[in-house]
Amino acid sequence: MQFLMLVCRDTEPVPPGAETGDVEDWVATMEGRGVRITGGPVAAERQARAVRVRNGKAVVTDGPYLETKEILGGFDVLECRDMAEAIEVAAAHPFAAAGVMELRPLREL
């Protein structure tokens with residue numbers, strides 16, 4: 001199964017030592033296991049655009065649309081046996097101790 005993992009950081013200051021490792025080490029480990037397909041950081045929120053079509057016209061709004069207390073920092077596409085393995089992979093991410101990893105199964109078309 002494939003999963004989209006959204007890597008989000010809390011907006012509150014992170015206590016020193018809260019992160020539990022190096023992201024590059026996590027990437028290398030998960031790619032070595034064959035569970036990380038792709039991923040990377042995303043640009044700052046100020047560069048985001050929300051796009052909607054209303055009455056046949058594109059309406060573009062600066063900034064992210066979703067109001068959350070976390071900041072989207074990146075994403076990863078994972079190939080895991082099941083949700084249990086995806087949770088194990090997400091929990092091993094260094095930012096999991098200072099934010100939230102949101103997992104969503106990708107629907108098969």
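Mentor: Let us begin with a cut-off, keeping in mind that this is a predicted model: a residue counts as exposed when its relative accessible area is over 50%, and as buried when it is under 20%.

Trainee: With that in hand, which exposed residues does the face of α1 turned away from its buried side carry?

Mentor: That face carries Glu24, Asp25 and Gly32, while the buried residues of the helix, which spans residues 23-33, are Trp26, Val27 and Met30. Seen down the axis of α1, these buried residues fall within an arc of 100°, so they line one face of the helix.

Trainee: What covers the buried residues of α1?

Mentor: The cover includes the strands β1 (2-10), β2 (36-41) and β5 (70-79), together with the helix α2 (83-91).

Trainee: In what order do the four strands form the open sheet?

Mentor: In general, strands of a sheet pair through backbone hydrogen bonds, either parallel or antiparallel. Here the order is β2-β5-β1-β6, with antiparallel pairing, and β2 and β6 (99-105) are the edge strands, each pairing on one side only. Between β1 and β6 there are seven bridges, and leucine 6 has glutamate 102 in β6 as its bridge partner. α1 packs on this sheet, touching β1, β2 and β5, and its direction makes about 160° with that of β2.

Technical notes
Residues numbered from 1 in each chain as written. Predicted model: local features only at pLDDT ≥ 70, side-chain atom pairs only at ≥ 80, totals over all residues. Heavy atoms only, no water. Buried < 20%, exposed > 50% of the residue type's maximum accessible area, 1.4 Å probe, protein only. Helix = DSSP H or I, 4+ residues; strand = E, 2+ residues; numbered from the N terminus. Arc of directions from axis to C-beta. Contact = heavy atoms within 4.5 Å. Pairing = 2+ DSSP bridges. Axes fitted to C-alpha atoms, helices over the stretch in contact; angles between N-to-C directions.
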